[in-house]
Amino acid sequence: MKSFFKRRLVLARLAALFALPLLTLRRAHAQSEALDAMVAKITGGAPLRSGRVKLEIPVLADNGNSVSLRVAVDSPMTPASYVKSIHLIAPKNPRPNVAAFFFGVGAGRAQISTRIRLSGSQGVLAIAALSDGSFWSATAEVAVTVSACWDAS
Amino acid sequence: MAARIAVPANARRGDNIEIRVAIQHPMETGYRTDDNGTAIPKNVINKLACRYNGVEVFRAEMGSGISANPYLSFFIVAGSSGELRFDWVDDSGVAGSERAAILVAG
């Protein structure tokens, strides 16, 4: 009888050992699903291709409350071919949709600079919507030393 | 809401000119509490538009992910002399606006 319980204990421990990475995997999966939904909201289901977008952001950010970045899209910005909008997504932020920028006829370059908040280290995503209906993106991993949302500033 | 806007006073027609905007605003996330522990409601500048002689050339829709005292830089093509007008509004409905004159030669 005693050995039976022991055997069960060992089995339980083994199961727990295997379940742990599974759980974290599932969490990562749920997060990527949420990201996919956010991207789909912007693209409307159109394929998102990587390229044409340049996302300049520091690899290491000391303070997540203010991380400067620049997004530049390769586009002639003529009435025939232009960038309609640029979208910024920080997947691990409590509100991942950081901002959207829309360009009118008089916009000379598909380029913006701003400062954003980052709640922890994550891959920041920039999506450009072009006038021909295509969507292009760039991702940049940022390591954040002091996350936004932790201190009260 | 105090704002600083940098627009080159002179430009040549066809030039790409950089416009820089910085507005004093806490961009309250809604996740902070005050000294008494009560939540400070979310209040961010959610929209900023730039119009060049009445035509919208740039618009930003922002959330709580934009840092306090939001800073923006973008480019417009110098067309004709006139006025750049900036309008923004925050979640509490407080609106601000600023204008800058631009002289285009050529």
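Which strand of chain B does β7(A) pair with, and in what sense? In this predicted model, the partner of β7(A) is strand β6 of chain B, residues 71-77, and the two pair in the antiparallel sense over 4 bridges. Within this pairing, A:Ser113 stands opposite B:Ser73 of β6(B).

The two chains were first considered separately. Chain A contains 1 helix and 9 strands, and its elements run α-β-β-β-β-β-β-β-β-β from the N terminus on. Of the 153 residues in chain A, buried residues make up 42%. Among the contacts of chain A that link residues at least 6 apart in sequence, 63% join residues at least 24 apart. Chain B has 0 helices and 8 strands, giving the pattern β-β-β-β-β-β-β-β along the sequence. In chain B, 41% of the 106 residues count as buried. Residues 24 or more positions apart provide 58% of the chain B contacts with a separation of 6 or more. Taken along the principal axes, the C-alpha atoms of chain B fill a box of roughly 60 × 20 × 20 Å.

Within chain B, strand β4 (residues 45-52) takes part in two antiparallel pairings, described in turn here. With strand β7 of chain B (residues 82-90), β4(B) is joined by 7 bridges; in this pairing B:Lys47 has B:Val89 as its bridge partner. β4(B) and β5(B) form a hairpin with 2 residues between them. In the turn of that hairpin, B:Asn53 has a positive phi of about 50 degrees.

The interface between the chains was then examined. The size of an interface is often given as the accessible area lost when the parts come together. Between chain A and chain B the buried area is about 2400 Å², with carbon and sulfur atoms giving 48% of it. On the side of chain A, the residues that lose the most area to chain B are A:Arg95, A:Phe102 and A:Arg117, which together account for 30% of what that side buries. In terms of contacts, 28 residues of chain A meet 28 residues of chain B. The count of salt bridges between the chains is 0, whereas 18 residue pairs are found in polar contact across the interface, both residues being at pLDDT 80 or more.

Two strands of chain A, β6 (97-103) and β7 (107-116), each supply at least two residues of the side that touches chain B. The largest share of that side, 9 residues, comes from β7(A). By class, the side of chain A that touches chain B comprises 13 nonpolar, 11 polar and 4 charged residues.

A:Gln111 lies in strand β7 of chain A and counts as buried because its relative accessibility is 14%, under the 20% cut-off. Leaving aside residues up to four places away in sequence, A:Gln111 touches A:Arg70, A:Val71, A:Ala72 and A:Phe103 within chain A.

Key. Residues are numbered from 1 along each chain as its sequence is written. Chains are lettered from A and ligands numbered from 1 in the order in which they are written. This is a predicted model: local features need pLDDT of at least 70, side-chain atom pairs count only at pLDDT 80 or more; totals for chains, interfaces and linings use all residues. Side-chain values use heavy atoms; hydrogens and water are left out. Contact means heavy atoms within 4.5 Å. Buried area is the accessible area (1.4 Å probe) that two parts lose on being put together, summed over both. A salt bridge is a side-chain nitrogen of Lys or Arg within 4 Å of a carboxyl oxygen of Asp or Glu. A polar contact is a pair of N or O atoms within 3.5 Å; within protein, one must be able to donate a hydrogen and the other to accept it, and residues adjacent in sequence count only if both atoms are side-chain atoms. Ala, Val, Leu, Ile, Met, Phe, Trp, Tyr, Cys and Pro count as nonpolar, Asp, Glu, Lys and Arg as charged, and the others, Gly among them, as polar. Two strands pair if DSSP finds at least two bridges between them. Buried means under 20% relative accessible area, exposed over 50%, partly exposed in between (1.4 Å probe, protein chains only).
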